[in-house]
Structures are given as structure tokens and as C-alpha cells.
Amino acid sequence: MANLASNFIGIKSPNPFWLASAPPTDKKVNVERAFEAGWGGVVWKTLGSEGPPVVNVSGPRYGAIWGADRRLLGLNNIELITDRPLEVNLQEIKEVKRKWRDRALIISLMVPCDEESWKDILKRIEDTEADGVELNFGCPHGMAERGMGSAVGQVPEYIEMVTRWVKQYSRMPCIVKLTPNITDIRKPAEAAKRGGADAVSLINTINSITSVDLDDFAPEPTIDGKGTHGGYCGPAVKPIALNMVAEIARSPATAGLPISGIGGVTTWRDAAEFMALGAGNVQVCTAAMTYGFKVVQEMISGLSDYMDRKGFADTSELVGRAVPNVTDWQYLNLNYVTKAHISQDDCIKCGRCYIACEDTSHQAIEMTADRTFKVKDEECVACNLCVNVCPVENCITMVEMPKGEVDPRTGRAVSDYANWTQHPNNPSVRAAE
Amino acid sequence: MSNSQLTPGIVPGRLPAAAYAENFADHEPPLDRHEARVAADRCYFCHDAPCMTACPTSIDIPLFIRQIATGTPEAAARTILGQNILGGMCARVCPTEQLCEEVCVREVAEGKPVEIGRLQRYATDTLMATGVHPFTRAASTGKRVAVVGAGPAGLACAHRLAMKGHDVVILERKPKSGGLNEYGIATYKTTNNFAQAEVSWLLKIGGIEVRHGVTLGKDVALADLLAEYDAVFLGIGLAGVNALRAAGEDLEGVRPAVEFIADLRQTENRATLPVGRDVVVIGGGMTAVDAAVQSKLLGAENVTIVYRRGKEKMSASSYEQEHATQTGVRIIYGAAPLRVVGGDKAEAVEFVYTEDGPEGLKLSSEGFTLKADQVFKAIGQTLVGAPEGIALAGGKLPRHPAEKLWCGGDCAEGGEDLTVTAVAEGRDAAEDIHAALMGQAG
């Protein structure tokens, strides 16, 4: 059985599955339930400065989108950082860490953007024996309007400055949590690195309105007839998060910077994908909020079985394995030719491939009177839409044309690797001539 | 009453009073909103969908299911009803397992089709519950059309004609409208007096007058109708019942299954309906199944359907056959009745096994006897009361036998004897009549 034990920036946990800083990690009772269920670590819900705690709304805090059977696909929240007194949180963190020494316990922090505030909070958490801190530069609602959260995360200079203070006033490992509500995720990651961060974690939630009540004409979730943008998370955001993780993992400026992957991790497979794209571990929230803490058990067995199948003894063998294969469009092989192939044995004759291709693509599928569907190689550009809309997995596949064979669409033989930077149609290639 | 399932003879009240309501409740309860959404999500929205092709009324099934999936069941209902104004009843009684659902790609792929019938019922019930009739009449054409028969074909024809702006008079021999929807369908398929509710809702279009108790050939002659109206549509169904042609057919206790089914539909209190202890149903269609199942539900101890050919030739679908056997009905295939045995009353039926060969059905020398105090004949209905002077084709009326005269539904040639087919024929005849009346090419 593969070893799932994780060592992330020196923080050890029995598995790479942590609960993200969020509602499930706000209290001792929740965190202990999570540890009992098997979670490897927890990032305690964000603490603020000493003083009267923040106040949350008492109307709905969450909005959601669903599939047909109410499968939750995306969740949005407008909850702020912890609304419990700082002392209560610190006491509970201390108690939990003493009881659960083998688990990772990280404290998420968000205080005003001045040196004294950070110096003060770091001093207060020192004797909790927590394993590290995570700087919440991502929260996109409420706190951002007060100059914290994503308001800091959107300004690389602030990230660098605050990270530097944290490293100066604390010996704890420091993870900087990034907001995706930004144009280029590499910039804040670089800033965190410059400030001395030990790692970045991403993504925090995405600015969102989940839906609009078409009778009251108010955004959801609606508080007394009004709504505000909340932070979007859950399975729907995973592709966005994967890309941002990969961008940081493959950027020369940040390559090697440890990443804690967050964003829609729901199953072991999601976790493995984040790790393959460079995440040293993953953080989970929505899956736990949807199904309860027990979901970690499927993640543990699934990842372990997968690693066994692949012959990976340690998670480090998986981490980053797909990063070299993430490239820019211009380096893709323009001489790689595939054609869609429909397995007649598997085809259930729904005709979705046909109508999708006929109406919206390249008219490359023919349909006979007895509902047989066949690809016209001379028209097929291999766009993959038929594969994507086919309800039967692996019924339509993309078959690579061997080198030397003539593509009936272009009349050209399949030749060796060549990309856009070498293509005669590329103006910059011609300019260089 | 102190009767039980074991009381000999044909007697009422074999069951405790409470059992009747339970036995005759909706046998496939309606989907609720969430169930409908989930069921609708299974539809792949096929291109040129096979289900739509299989539907005799060509309802755009993928479209209406998508309309349900997006939370607009009323729009779904309009899609259905625009093609089939009796879509509510068809959702309940169509043998979907032999039509749309049989060819559903998910049936082919997984053996579990999209529940098209139940989804159709969800949509039509939702719309009808609002009390709104979604169609309006075109400007009056001044043309008048007589429709004979207020069954599915006649109602569909009348509605389409009224919608086109013609004035319609329906002549119906029975006291209620609906035809087989009212008199010929098992009670548990159409509960809560649905057939009458549907007719009332249909008539909200306006422009349709229904005259009950008028029999063609007796109270009114076809020639008079043709003289008085601009066009006539005959949807008179099949009022006759085929004879067993077996000895003892006249004994007390032997009767047509359709009468029994009609009694069941019209009774106020099912506990008062007499049923035999040992019931034998002869036939292989939906009528046989409906009579057998309902005999069982009324408390008969032993109910047996005997069909002269094999299982695969039985016109009741395998779904219907399963429903019968699950209710406790025994089905014997490949046996034909020789004689009904008894003094004044039926006591038993003698059968011989048949052999279905290339030269047709042959009787073998082996046989058996079934105890029977009640025998239902369900071996098909025949056309009676057809107007004289019209040459029948295969025992049925031609679809357009004369100028100004159209026929449709079970009485007319072509198609299967299904509610949905009758609706399609009535609707299409209305389109032809409209074209003829308005001087367009038919």
C-alpha cells in the first residue's frame, strides 16, 4: 500500500488531505470530528485581530447551483472570517493540537494591513503550537471592502510586504493563500515568494452571483431583498484552479515554490490531478460541506489504490509529474493529426454527435436512414466536440494518424513535429526571414 | 355482506370494504416535481429522435422533456397537446413500452428507457390543473361539421376543427363522452374521473356542441347529416364483440369483457359489482388483461387468461402481461376453447392446446378443463352500425369514403386500435376536412 504520509514545507500529516480554512474548521467540535474521520490536516478558519469579532449576516450565507438531482455543483458564500472571540479560538486550537499531534494544524490569519497588527496577532498565536500560518489574501467578500483579504491579494506589493512582516515576526512556516480574482496569478505568487513565503495555497473563492430570483429580481443568496457577490467554490471551479496551480508550477519565477492545491477537490481523482500539476497537498471544503467529513475516506483509498497501480511509493512521485506537459499553445504540435472514430458496437444512436457537428462544427459526421453515424475523415478537424457530447464513454475516440499517412482533409502527409513558431503563416516567422 | 374470495358463484363484496379503494388506486402514481426533473434529465435530447418517430401523433418528445427539465411543464404540455389533444389520457394508457419507450436509446443501451409516458402525464396534469385551455379558435369560417362519436378520434377531430374556426356538432349514442376512454379502459389507469375531466377541459376551446343519446342509423341518417353539414366525420368505434364460436357460449356467466370493464368504470361502488370465484378470460389483448386484472382486484380467487397463440403473439405488451401475472393472474398460452360446460350456468371451460405452424393454428388432441363460474370473452371487437352503401375494407370503413365524409379511429382501416392512433386519425381527418372546406389542396 502506497505511503500517503505527507510532508508539506516541513509540516507533517498522515495524508495530503487538509480541510481548507472555511466554515467547517471554525470550531473545536468540527475540527475534532474531521480528525476522527481521517483528515490529515486542518487550516483553522481565519482569525482576525483582537477586539470585538466580525458579525455575520443572519440570513442565507450560501448560494448554490445544482445538477438535475440536486447534485451540488457550485457553492457560493458570503460568510466572513470567524465571528467568535479570538481568545476562544486560540484556546480551542491549543487543545486540539495537543490532542492530535500527528495531524497538521494551520492557522489562517487576516488582520489590517499594517505592521503592528500582524506583529500582534503572530505573538498571540505563538503558544498554540500550531504548525504554521496561512495568510488569507483571498477572501473576496466583506473583508475586502475593509482593506483585507482579496484587497491585499490583488496588490502584489502588499502581499510581499505582509509576507515579509510575517516571516520577520514568526518562525512558523508561512503559506500565502491567493485570490483567483486577478488577471495573472503568477504575479501574486511571485510577490509571495519575494516576501519569503514557504508556500502558496490556491485558489480562494471566485467572485460570483449564483443565480437571480426572477420574481424578486434579487441575486442569490438574498438578504432582505438584496444580494452581494460571494465566493464561488466547489466542483465547478476546479478547472480554473487547476490552470492557476499549473501556471505557478511551470513559471520559471515560481517553479519549485510549494503549492497547496484548493478548488473543487471532491474525489481522490481531483486531488491526484492537482498534485500531478504541482500541488504538494490539497485542501478541501465544499465536498465536506456537501457530504460530511467521511468523504476523506474515499479520497484516501482512491489515491492509495491509484498510486499502487502506478507504482508510486510516495506522494512526492506524483507531485508535479504533469507539469512538464503543460505548455503554451504556440508549442503544440501542428502536425499531429487525429480523426474521430465512432465505435458502432457502443453507439446507442442518439445522434448528438451528428447534430453537434452538423449544426455547430464541420459537417464531418454522416447519418444514414437507419441511424448509423460515421465520421467523414475528409471533413473531420478533430475538434473533439463529438467526443464531448457523446453520452457513452469511449464510444467516440480520437485516433492518431500515423506519420506518412495522408490526411484526406488537407491532402498532406502527416509529418514531423512543427509548431506555430515555425509555421509559415506566423507573421513573426516571416518577419524574421 | 358476508361473501369472501371463496364464495362460489358470481357474487359482489368478496373483499373488505377498504380493499377496493386500495386495489383500484392509480396504478402508476404521478411523478412529483423533483422526480420529474430527475427523470427528464435522463433524456439525451436525441437528434431526429426515435421516440418521436414511434409516436403515432409525432409529439416532439425531446423538446417537451427539455421543457420539463427547465422547469416549464406548461410549455411542455403545449408541445404535447399541440400534436395530441388527448395527451393526458394517452400518457396514462399508451402502451409506451411498445411505442416511444421501446425505441428510446436508453432502452436500447441500458434496458431502462426515459419514462416518457410518466413525464407526459406530469406535464399535461400540471397544465390541466391550472384549468387553462391553451388553444384559441381561429376566426369563424361559417362552416359546420358533424362528428359522429365522442371517442378519442371524434374528440380530436372536433377539437382541431373548432380550432380552425369551424362549428362542430358531436353526436354520441352513449350518455357520456369519451368513448373507450370512459367505458373501455381499466379503472386503475384513469382514476378520479379523468376521462370526463379531460373532455370538459377539451371542450373549453368552444365551438363544439355535444348531443348525447343520438345513434347513427337510428336517430339520424348519414344522408341527412351529409345534407345538413359541410362535412361529416365518423368515429364510431367498434361496438360489436366477436363470438367465441364454442358450445355453451350462451350459458349464464359468459359475457363480453368490454361490458364488465364498462361496468367497473361506471359503478359508484365497486363492492356491489359481482365477480366469479373462478374467472376465465379468453383472449390476448389489452381488454383481456384489463378484465382479468380487475377480476382479481375485485376479489376473484382464481383468474386465468387463456390465449390461443404463443406469448410473443399476444397483443397485450409484455409489460401488461407482467402486470397481470404480478396481480396474481395466470396466463395460459397456446390453448383454444372447445366448449363452456354447465347446466344453466357456466361451471367450467374445456380447452385444447394449439399448434401454431406455417399453415396456421391447428388444434391438438391434448386439452384441459378450467373451473369457471364466470367467463369473459375478449377476442376482439367488430364494426357494427356502419352506414349502408359504404364498401368496407377488411371489415372497416375507408378513411375518406365519399366527398364530405371522413372516418377515423377504431372503425376505420389502418393503424392499430390504440387511443393514440385514433387521436392521430381524428386530428389528420380534421386537417383534411379543413383543407377541403377552405378550398386548399388536401
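Predicted model: local features only at pLDDT ≥ 70, side-chain atom pairs only at ≥ 80, totals over all residues.
Residues are numbered from 1 along each chain as its sequence is written, with chains lettered from A and ligands numbered from 1 in the order in which they are written.

Let's start with chain B. Its open sheet has five strands in the order β6-β13-β7-β8-β9, with parallel pairing. Strands here are DSSP runs of E, at least two residues, and helices are runs of H or I, at least four, numbered from the N terminus; two strands pair if DSSP finds at least two bridges between them. β6 (254-256) and β9 (330-333) of chain B are the edges, each having a single partner strand, so one side of each has no neighbour in the sheet. From one strand to the next, the twist averages 20°, where axes are lines fitted to C-alpha atoms, for helices over the stretch in contact, and angles run from 0 to 180 degrees between N-to-C directions.

Helix α15 (286-297) of chain B lies across β7, β8 and β13 (374-378), at about 170° to β7(B).

And which elements of chain B give two or more residues to the side that touches chain A? Those are α2 (33-41) and α8 (105-110) of chain B. Contact means C-beta atoms, placed from the backbone, within 7 Å; 11 residues come from chain B and 10 from chain A.

Notes:
Contact = placed C-beta atoms within 7 Å.
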